[in-house]
Amino acid sequence: MSMAPSPRVALFVTCLVDAMRPRVGFAALRALADAGCEVVVPEAQTCCGQPALNSGDRATATDFARRNVAMLESYAAIVVPSGSCAGTIRCHYPELLADDPEWAGRAEAVAAKTWEILAYLDARGWRPEGVALPATATYHDSCSGLRELGIKAQPRRLLGAVDGLALVPLSGEETCCGFGGTFCVKYPAISNAIADEKAAAVEATGAGLLLAGDLGCLMNMAGKLHRRGGQVRAFHTIEVLAGMADGPAIGEAQ
Amino acid sequence: MSARDAILARLGPTRDPAVLAAEAACLLAGEERERPAGPEDLVARFLAQLALPSVAATHARIESLAELPGALADYLASEGAAPALWLPPDARVAGLDWVRLTRLADCPIDDGTVLAFARAGVAETGSLVFETSPEAPMLPHFLALRHIVVLEVAGLVRWLEDAAPGGTVPRAHYWVTGVSGTTDIEGTYVRGAHGPRFLHVVVVGS
Amino acid sequence: MSRAFDARVDAALADRQLKIAVERTAGTAEAKRGAAIGAWPSFAAARERAAAIKDHVIANLGSYLVQFEAAATASGATVHWAATADEACAIVVDICRKAGAKSVARSKSMLGEEIGLPHALEAAGIGRVETDLAEHIIQLAGERPSHIIWPAMHKTREQVSELFHARHREPHVEESIVAMAASARRQLRGEMLSADVGISGANFLIADSGQVCTVTNEGNAELSLVPPRVHIVTAGLEKLVPSMDHAVHLLRLLARSATGAALTQYTTFYAGPKRAGDRDGPEEMHIVLVDNGRSAMRDEGLAEMLRCIRCGACMNHCVVFRQIGGHAYGGTYPGPMGSVLTPALDGLAASRDLPGACTMNGKCQEVCPVAIPLPTLLRGWREKSWREGLEPVTLRQGLGLWAWAARRPWLYRAGVRWAIRAMRLAGRGWISKLPLAGGWTGGRDLPAPAAESFMDRYRKGER
C-alpha cells in the first residue's frame, strides 16, 4: 500500500466515546496504526465544546476552542471519530475565534488539519485488509459529517473492502435521526417522534446491522430500535473497519 | 417624521442610480450559463414543455391564420365542447370565416371557451406571454373553463428573459404556463381551480 | 421549554390526522423539488448568484426603494410607506373606506398574515373573501395558515370535505379532491368577481420599472385583482429586485424549490391602474411598502434572512416541521425560516423555543434557494437568548458545572468515573429508566457505558 510517511496524529476521542463506548476509541487507534500513523492521545482532552456552542453559550464555547487549539496545534493531523465534533473544530472554531487576532490564524490552522476519521482513512488510501463480517448492514449519514464535512462516499468505500459485508440503502439515509445533541433531551417528544421514523426506516431495510459515524446518533437510533423491540444491532463504522464488530454492539453489556 | 423618512433614514444614504445599475448588471454576468437545460429547437422544446404534467396544455399547428376557425371547430368537436367561443377585440379575428362557430357576445364567466392571442411564447418553460391593451383585456383568460391561445411561431423566444416587451411598461405583463391548478388539498394536483381547466395552444406557421 | 410551546407540540404530536396531512403534502413537495433540482446541473451556482442579488439589494435597500417608488408612481400607482404592522393595516383600511368598500378579495399573502390584515379588515367591518383555495379553507375553519405555500397543509381531505359540506352553498357530492376543488370554485366565483377591492402581496417589486410581480398556480390573484375598482399591494421591503431579469433568475429558483415546476402557472407583472381604452383593470392601484422590523433585521445580524423568497422548501425538508406541523411554532411563519423570523417579529422572550427546537442538521440550508445560513442564524438567536438570561436556570447551571469540570481534565475524569458508576447501577446493557435522564429514557433505551472510560484505560496502557 502506498502511503505518506507516518504522520504524528492526535486522536481526539470525544467525550461521548470516552465515557460511553471506549471501544470506538480503541478501534480508531487500531485502524490509524494500521494506516501507518503514529497516534498520540493528548492527555488534556475532554470535550470539543459543542454542548456550549449549541446552547448559545458562546463565551464558554470560545474558551473550549482556545484550549483545544492550543492542545492540538502541534500535531500533523487531528483525527476525530465523530462528524459533529470534527465539524465543530473544523467549521466552528475559526468562526468563534475569527475576531481574535491572536487566535484566528491558529484556529484556522488547526481546522485545516482536523479530520473525521473515516474521511481521513479514506484520504490516506487505507482500506481494511483481512477484515471479514458476513452480515447485511445499512448506513445512516449523520448530518454534521454529511453537510459540514461532505462525508458520504468515504464510509461506503471503506466498508466496501470488508469481506462478506453487504450494504443495503436506507430510505431517508440523509434525514436527521432526531439526536441533535442537547436537543434530544430538551425537546424529547419531538426527538422521539423523529427517531421513531428513523427506526422504522432502519427496520424496513431488513438489515441486521446499523452503521454510522457518530456515536450520539447511533445511541439515539439504537436506543429507539431497542425500545421498539427490534433486533437490529448498531456499531460505529470504525469498529467494523478495525475488525471489532465481533464484540458487543451498542447497548449489549460491554 | 413620516414613515417614509424614518425608513429611509434607517437604511442610510441613497446611491447614484447609474452606479447601482452597473453593479446590478454585473450580478447577472454569465447568468445564462446557469439556466436549466437550454432549448436546442425552439418549437420542439416549447411543445414539449406544453405537454408536461405541470403545464398540461394541448396544441395544434396550422400554417396560416385563415385555418384558425376550422382548427378551433375541430378541437372543440374533438373535446365534445360546444362550438361556441368568445373572441377578443383584436383586428386579427375580423377577417376570418367563423361560420362553424358561434361567437359569444359576452365572455363566459365560469365555463365556455375564450380565445386569446399571445405576443410571445417561451421555449424554456412553455409560457405564453401577454400584455394588456384596449385590444387585449386580461380577465377573460382567467374566467373561462377552456383557454385557447394563438401563437405565431415567429413569436417564440428562447428564455423567459427574452419575453419582456420593449418600450413602455404595460399595465399588466403576464405569463401563462398551464391551466389554473391547485395542490392545496393534500398536495394533490387538481386542474381548473379558479380559472381554465383546459389550455389549448394553436401554433401558427412553421 | 416554555409551557405554551410544550403544549402546542404535545397537541401536534398527538394529532395523527395532522401527521398524515403534513406527510402527504410536504412529502410530495420534497419529491417534486428533488426531481426538479436534480435535473438542474447548475443549481448550486444559480443559488449563489441569487444570494448575491438579494444581498446587493438588501445592502442598497434605500436606493432601490426610492427608485421603485418613482417608477411605480410614474405608472400611476400610489406608493405608501408603513414602518409598522399597525401603520400598514391602517393605510389599507383607510384606502378601503375611501373606496366605500363593502368587501375585499384577498389573494394569499404571508405579509398580510404577518401584519394582521385579516383581523384589521374584520375589525373595520369590511367583508373579506380569501381566494386562494387553502386560505379559503382556513378562513372557513377560522384558523391561521400552517405553511407559507400550503396554508391548509394541516388538513386532511376528509377534514376539508367536512368543512365544505358544512359551509358551502352547493357542496360536492362525490368524495374526491377534484369535486371539493369544484365546490370551492362555485362558492368563490361570485364573491371574487363582485369585490370592491382586491388585496395582494408581492413576490417581487421591480425597482427599475415599478412593476409588482405576483405568482400563483390557481390564477386567483388575477381574478381577485383585475375586477375590483381598487388594487392594494402590501409588500415587505425585501421584495425588491433591480430589474425584471433579476426577478427571472429568482423565479426559476422559487418555482422549483416550492413545487418542483419550472414556473408557476400564472406569473403577472402589474404596473399601475387601468389605462385609456383598457376594458378591465382597477381604477386605482396602491402599493404599501412595509418595514415591520426589516430594516432593523438588516442591521442586527439578520440581513441574510432578508434574502428569503418564501418558497417553503426549508420547512418541507425539516424533520421538526414534519413532526409538529406549522401551528405549533406559534408565529406567522413556521419551520426553519419562521424560527429565525418569529423572534425578530414577536420578540425572543416569547419565542426562544423556536431556535432551540432544531437539531442543527443543516438540511434547511442545503435546500434553500438563496443559501440562507439558517442554522447559523438560529444559533445566533440561541446566543442572544443565553446572553439575555432567557435560558432556564437548570440548563445554565448544568452547563456551567460541566464546563467548569471540563476545563480541569483530572476533575473531569473523576466526574466521568462517577457518572459511569451511577449509570451502571441502573444496568449493564440497555437501561430503560434512569433518574434525571427521563428526557432520554422516556422514549428510547440508553446503552450503559463500559466499566471504565477510554482515557482511563488508555492511561493504563491499553491499546
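Which residue just after H16(C) takes a positive phi? The legends below take that up, along with the contacts between chains in this predicted model.

**View 1. The end of helix H16 in chain C.**
Gly347(C) is the residue to look for: just after H16(C), this glycine takes a positive phi of about 95 degrees. The helix itself runs over residues 335-346 of chain C, twelve residues in total. From its first C-alpha to its last, H16(C) reaches 15 Å, close to the 16 Å expected at 1.5 Å a residue.

Take a moment here to see how H16(C) is mostly covered, with ten of its twelve residues buried. The buried stretch is made up of Gly335(C), Pro336(C), Met337(C), Gly338(C), Ser339(C), Val340(C), Leu341(C), Thr342(C), Pro343(C) and Ala344(C).

**View 2. Where chain B meets chain C.**
Of the two pairs of chains in contact, chains B and C share the most contacts. Here 59 residues of chain B are in contact with 80 residues of chain C. On the chain B side, the elements that give two or more residues are helices H1 (3-11) and H2 (17-26) together with strands E9 (172-176) and E10 (181-182). H1(B) supplies the largest share of that side, seven residues. Sorted by class, the side of chain B that touches chain C holds 29 nonpolar, 18 polar and twelve charged residues.

**View 3. Two strands that pair across the B and C chains.**
Zoom in on E9(B) and on strand E9 of chain C (residues 266-270), which pair in the antiparallel sense over five bridges. A handy landmark is Trp175(B), which stands opposite Thr267(C) in E9(C).

**View 4. Where chain C meets chain A.**
In this view, 52 residues of chain C are in contact with 55 residues of chain A. The side of chain C that touches chain A has 29 nonpolar, eleven polar and twelve charged residues. What about chain A and chain B, and how far apart do their closest C-alpha atoms lie? No contact joins chain A and chain B, and those closest C-alpha atoms lie 20 Å apart.

**View 5. Confidence in the model.**
For chain C, the mean pLDDT is 97, and 100% of its residues reach 70 or more.

Conventions. Residues are numbered from 1 along each chain as its sequence is written. Chains are lettered from A and ligands numbered from 1 in the order in which they are written. This is a predicted model: local features need pLDDT of at least 70, side-chain atom pairs count only at pLDDT 80 or more; totals for chains, interfaces and linings use all residues. Two residues are in contact if their C-beta atoms, placed from the backbone, lie within 7 Å. Ala, Val, Leu, Ile, Met, Phe, Trp, Tyr, Cys and Pro count as nonpolar, Asp, Glu, Lys and Arg as charged, and the others, Gly among them, as polar. pLDDT is the predictor's confidence in each residue, from 0 to 100. Helices (H or I, at least four residues) and strands (E, at least two) are DSSP runs, numbered from the N terminus. The expected span of a helix is 1.5 Å times one less than its number of residues. A residue is buried if 20 or more other C-beta atoms lie within 10 Å of its own, exposed if 12 or fewer, and partly exposed in between; C-beta atoms are placed from the backbone. Two strands pair if DSSP finds at least two bridges between them.
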